[in-house]
Amino acid sequence: MLILRHLYLLVMLAFAGNQLVLASEPVAVPTAIADVLQQHCADCHSGDSPEAEIALDRLGELKLDDQLTVLNAALEQLHFGLMPPADAASPSLEARDRLQQWLTEQLDQRNANQLRDKLRKPEYGNHVDHDALFSGEHVNRPGFTYDRRWLISEYIFDAKFNRILNHNVNVNIDGKRQAVIGSNKRRVNLTNPFLLPTHSGVRYYANETLNGGHLLTMLTNAKEAGTYMLYLAGRDQRYLPAVTKILALETQHEKTLAARERFLNQHVETVLENQFADEHAKLLPVFVRAEVPAPIPNDGSVKKAPFHAANPGNKELELIFRSMQRHQADGLSDQLLIENCEREWFYHGHNPRTIQARITFLNNYMEEFRGQIKQHRFAEKYKPVQYLPLSESEMQIVQATVQKHRARGDRYDAVIKKCLEQWRQEFEQARIDAGPPEHEVVSELVQQLFEKILERPPTEGEQEKHIALATDYLRGLGNQQGIKKLIQTLILNTDFVYRNEFGQGEADQYGRRMLSPRDASYALAYALTDSSPDAELQKAVKEGRLSSREDYEREVRRMLARRDQFYIVDESVHRPNDLSSFTQMPIRELRFVREYFGYQRLLPIFKDNKRFGASYDAAKLRLVSETDRLVDHILEQDQNVFHELLTTDKFYVFHSGDNEVMQASADRIRRIYEHFKDTDWSEFEVDDLGKHKDFIAAETMRGIDVNRLFKDRRYNPLNSFKTQLTSFTLRLDKGQAAAAPYNSFPAHGMANAASRYGGRFQSPEVARFYNIDMSNWDYQPIQPAAVESRKGLLTSPAWLIAHAKNTETDPIQRGKWIREKLLAGSIPDVPITVDAVIPEDPHKTLRERMEAKTGDQYCWKCHQKMNPLGLPFESFDDFGRYRTEESLEYPENLVEKVKDKGAPHEDLRDIYKTLPVVSTGYLSGTGDKTLDGEVDNAFELIDRIAQSDRVRQSMIRYAFRYFMGRNETLSDSKTLLDAQRAYLESGGSFDELIVSLLTSDSFIYRKPTSDTL
Amino acid sequence: MSLHRRQLLQAAGIGLGGVSLAQALAPSLATATSQVAASLGPRRFVFIRKSNGVRPNEVALPTFSDAQKKADKDRLPLDIELANHELPEWLQQLDPHKQQLCILQGLSCKMSENGHWSYSSVLGAYKSGRNSLSGIKRATIDFELAKLFPSPFGHVELSLTGNYSSFRTGIVSGYSAPAPHQRNYCYADPQTAYNELFKSVTNPEAVDSDNQMLAFLQGEENFKAKVLAGYEKQKLSNHVQSIERIQARNKQLTGLAEVIKRHLPELDAVHANGGQNASTPEKQQAMTDILVAALATGLTNVVTYTIDELSTPIKGLPGNESDHISIHELGHNGGYSGVPADEIRETIRVGHIQQVSTIVDKLKSIPEGKGTMFDNTVVMYFPENGEGHHSHGTEAPFVILAGDNCRLDMHGRYIRLPYHGTEGHKTIGNWYTTLLNAYGNPIEHYGDLDLEMSRKKLDQSGAIKQFMPV
């Protein structure tokens, strides 16, 4: 028995050693443990070909690192109940506990316990026994969270910098200018290194630690932010008053320099003429004309770039215009005018290449430029600058310096440059003479920067150290650079990127302390938003009103009720195509549902337009935005929220959320249709339009300007008219309830419904995801409205696409999501040895191919937990379209090649052979015998799921993780049960659930651990 | 059952634990993760992105036989020795380097953004949803290569872009991506690039003050960490370690001072303050000098250079010296000063190739090992968006120059791969996979798959085998 020999040798070693184990000591196995291993593990894990390449009999021969790997693997297998396998004899509970405890000790002693790290991760959240959590058995365990530092999220990063850099964004929403939170399109170029993982479920956990990548990115960010903060301080003295004080002399010098420079740039010629009188002309350099190509012949023989592509930019245009203005005279030819301008530019010392470009431009585009001058009213905008001397003392300085530096042949810019250089040196010397800033003002600087960046005053120790540092910086780098460096230093302080959540005050009998009021204000603010505490929360901290459960409840309820603030839900949806993506509820409330379902994960999934039968890219953005709107709607109703999310048959489809606007737009199309339907409109001539002039003007038909009818003989909008009428007829001539308000053809200007941002309402192709035939669309102006063959978010195209592949469905992903997110189950990682590709077969459905691949015993062990839950959703393809037949999209199955381009209502999909969809499945794991069992299709599955207590509890568990930033433990049992009670007693209010969680012991109590001595 | 994934991971020497997102951001702090890459010694890659497409017929060889001409026009596969042919006129400055040149036709880039712009997507082989952050799906190929060959700067990005009338200046957002949802920054004018890259020599005071700041932070965070233990301590000690690594990098940079001084380019005064008066060729030349110096000094092994973009102002172009040219207008066939658009487009390309040629010449003049620095360098010049001004991405011609130690078998040839949507067709994803596999990252496939190839069930994954080292 090889294993015995080795194991018992190790045992002897163990007893020979000291009781205290050093982290670097090899692992030794005591007799009792060796017995368990021998009895339950050795059969498979020993010898020449041990299972999974883990040979316990050679444990002693391994290096320490490898030993620890084996111990970690063993502990994990035991903890998750994966070993010994089901078909082998299990050790007694006591033996199992003993082994697990020993493994834990060995790994902890060597600081190598990977299981502990794993269990902190979101993907291991469900490993805590569900029944135990909700049984009530553990309700007396005191709930708490450990004291912790929590790395900021990508959203908090944006909010922090937006606050510091005064980045306030306004968006036109429903015709009003509204401040919105959540923009990341700052003037300052910052890179966000705190990105959250992209999986569905809870993305933001208090597990991450700062690393080199963060720091490297933050170094650049801190520099950029420092520069911009100085700029802001220069614009507004209230921004950082100490900076204003320290830079007072610099600012004064800069202003003086800027004033002198501006004065000379504008009036140097006058100054020189006045000062040098007759000598002036003699001192000028010899004017040499620039060489430019011959003007482009104006006979049409050469294609000339249009004005907009040839003009040198607005600043240049202004400069050229001003010169022309100065030299313009009656009867002066263009050539002489250009020459005079050129002379001026030459004397001023403008760059020769720039002069060349200006002359070429004027030679070729004088006529167009004059047109622009008139059209854009240059003369009004750029009035001639009148000569206004500086103050007497300033003029004396300017004149004296000019006198000193002007040399024969100097162009004006050379004179100005020499003067400025002298003044700069003088000012610099003056600042050196003035000495470094006083200690008091440096102290103020430190104080203010702490408040601005870290949102708190410095401690005494910090104040002292930072004053010393600031003094060094200012002395070594000068005032501006020194302040910037201090800003950088504070931005790189870990307090900037970690949220602190520590208990304060006296501990209770369980060693728990309440969150400090300041930390509590941040914990509450960040639970519901990405921003720092609002004014009310700050006030509550100041007034000592954030120190009891009732205080928390008051603030949570207040924040949940706020609707005076707009949040951008998703920047990538918000910007393009005028799609609105905003909410007025605290953003993290909506974001929970969004991320839990993970439907926004469809955004990076790109698909073949041909398979969609229309343009997919634009439609998918609308799909996400409308799913967000539906979630917003359900949360606003706040009744039976989980049930509604799982079962609603009402959706937004090509709808802005503004029923009034959508109804008006649909009505307008109907009026136009009704007005013309009995006329012979398809044969209309322009004269016929005239007969309907008043009607068309009242309804503002796209592309038809009634004011031009008959005034401009060439004006013929018949094409626009007929295109619209054709399209409107298509939308209403089959007795449709209402017309979908999309544009019949692309053109500028508005005619149909506007987006909430006031832009054009686009991407009607979104209807195709819902199997709506656009040529016979029963449009619903009042939404959300019932849609056929849909039941809840799991049948929303967004969720279905997000849980599909680029070219086919993914029942495994869909099933895994249901197992983990709704049934609180776990699926082990795909074993490294598995080739997880489903083989192609043009004659089989995906279900058939998948069953062939995953049906063997080894695969089925895990796949039985996913496939039967995901397969009912085979009734929806990878675009989320409902189907009863599956297209076998292989070239050999092509039945009809359909054209690639067509009108919006046409379906351009190629047609393939099909096979019937089999949508049966099996629900297991609800813990309710009346619900578990076979299901015919997704709708039946959803109906049963929606009735399950376990599903509701699972959703509550995820909400817990979302708001606590960690996995639940048995000591959170009471918190979860209270949350469930609050939810049920309120008729399914998500707000009540949040209130319960954020006032629970798990949230408000903190406990120090050995981690925080 | 297969052990494929495990074997691949083992071959790469990459641990199973994975690398966190933020760690992936920092090739400058990384150590080589691949044994293959580590065994190769320094290897360099230069990606030169151009706008307005490269039309496939522009790189076709003028001395094609009739049969070759027809095959090329019909987009049929070709593999021709360049030695027996003349290069197209605009590429003729590369004549001396013909043996190291490959004109690679037939790659498609439909899985990246096409039309006018591709942003980061052409180097990442994904659709970026215009230029959205959330659309950045993965680290771009240049960053992946930079991870294999770490250097003090890790990766350097340069760009010459603007707003049609003036050039962008300073440090601005770039076109590469160090990680998913991350946009790189880039140096937008030669002076800024010069100041930032060679700071340890040109502005040692700034480096000193950086070090002072890092030392202070190190002290502060160590002080805070003292009272902690376990996981919470780790949260701070990781940060302290990062600070130490950046200090070490700064020290490394200071140590390179002598080498930097040796290769420090001379920058003309016209580039001061962003260099708005510099002509486009002057800017390009200065950027080339900086690019070569960044490689020669060992500050980086990977440079991505956007030599132009549709909104880059073109000023001082030979033949149109005094015109203010919009590349976008050229794409719509607008001429300037009587010179037709096509001619100006060619002049712009000639200017680009002059820079490519200069890069190769300069690297060939710097000894390294038994040869020159160019032996270990691959330079790629390619369109950011595909085959034209409004591209569909069906073709993306690459002009590739690679030194003698290049691990790819493609030198001295004109290669046309099977056309998009046909058997054997290769995408930029295959091309980038080839680069990664050849240089030590055994990834099965880099980039998104082409949807038309998928629809037609055509194999499209993996490296281009014919280029791979035997």
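**Close-up 1. An open sheet of chain A in the order 3-4-8-9.** In this predicted model, 4 strands of chain A make up an open sheet with mixed pairing. Strand 3 (169-173) and strand 9 (582-583) of chain A stand at its edges. Each has a single partner strand, so one side of each is left without a neighbour in the sheet. Strand 3 of chain A runs antiparallel to strand 4 (residues 176-181) of chain A, and 5 bridges join them. Look for A:Asn170, which stands opposite A:Ala179 in strand 4 of chain A.

**Close-up 2. An open sheet of chain A in the order 1-18-7-6.** This sheet is built from 4 strands, and its pairing is mixed. The edges belong to strand 1 (145-146) and strand 6 (503-504) of chain A. Both edge strands have a single partner strand, so one side of each is left without a neighbour in the sheet. Strand 6 of chain A meets strand 7 (residues 513-515) of chain A through 2 bridges, and the two run antiparallel. Across this pair, A:Gln504 stands opposite A:Met514 of strand 7 of chain A.

**Close-up 3. Strand 7 of chain B and its covered faces.** Strands of a sheet pair through backbone hydrogen bonds, either parallel or antiparallel. Strand 7 (residues 302-306) of chain B pairs with strand 1 (residues 44-50) of chain B in the parallel sense, over 5 bridges. On that side, B:Arg49 stands opposite B:Thr306. Strand 4 (residues 156-159) of chain B also runs parallel to strand 7 of chain B, joined by 4 bridges. There, B:Val156 has B:Val303 as its bridge partner. How many residues of strand 7 of chain B are buried? The count is 5 of 5, so the strand is mostly covered, with buried meaning under 20% relative accessible area. In a regular strand the side chains alternate between the two faces of the sheet. One side of strand 7 of chain B holds B:Val302, B:Thr304 and B:Thr306. The other holds B:Val303 and B:Tyr305. Both faces are covered.

Close-up 4. The whole structure contains 104 salt bridges over all chains. Is A:Arg944 buried or exposed? A:Arg944 is buried, with a relative accessible area of 15%. A:Glu940 is partly exposed, at 26%.

**Close-up 5. A buried salt bridge in chain A.** Here A:Asp972 pairs with A:Arg966. Their closest N and O atoms are 2.8 Å apart. Both A:Asp972 and A:Arg966 are buried.

Close-up 6. B:Glu144 counts as buried at 16% relative accessibility. B:Lys147 is buried as well, with a relative accessible area of 18%.

Definitions and conventions: Residues are numbered from 1 along each chain as its sequence is written. Chains are lettered from A and ligands numbered from 1 in the order in which they are written. This is a predicted model: local features need pLDDT of at least 70, side-chain atom pairs count only at pLDDT 80 or more; totals for chains, interfaces and linings use all residues. Side-chain values use heavy atoms; hydrogens and water are left out. Two strands pair if DSSP finds at least two bridges between them. Buried means under 20% relative accessible area, exposed over 50%, partly exposed in between (1.4 Å probe, protein chains only). A salt bridge is a side-chain nitrogen of Lys or Arg within 4 Å of a carboxyl oxygen of Asp or Glu.
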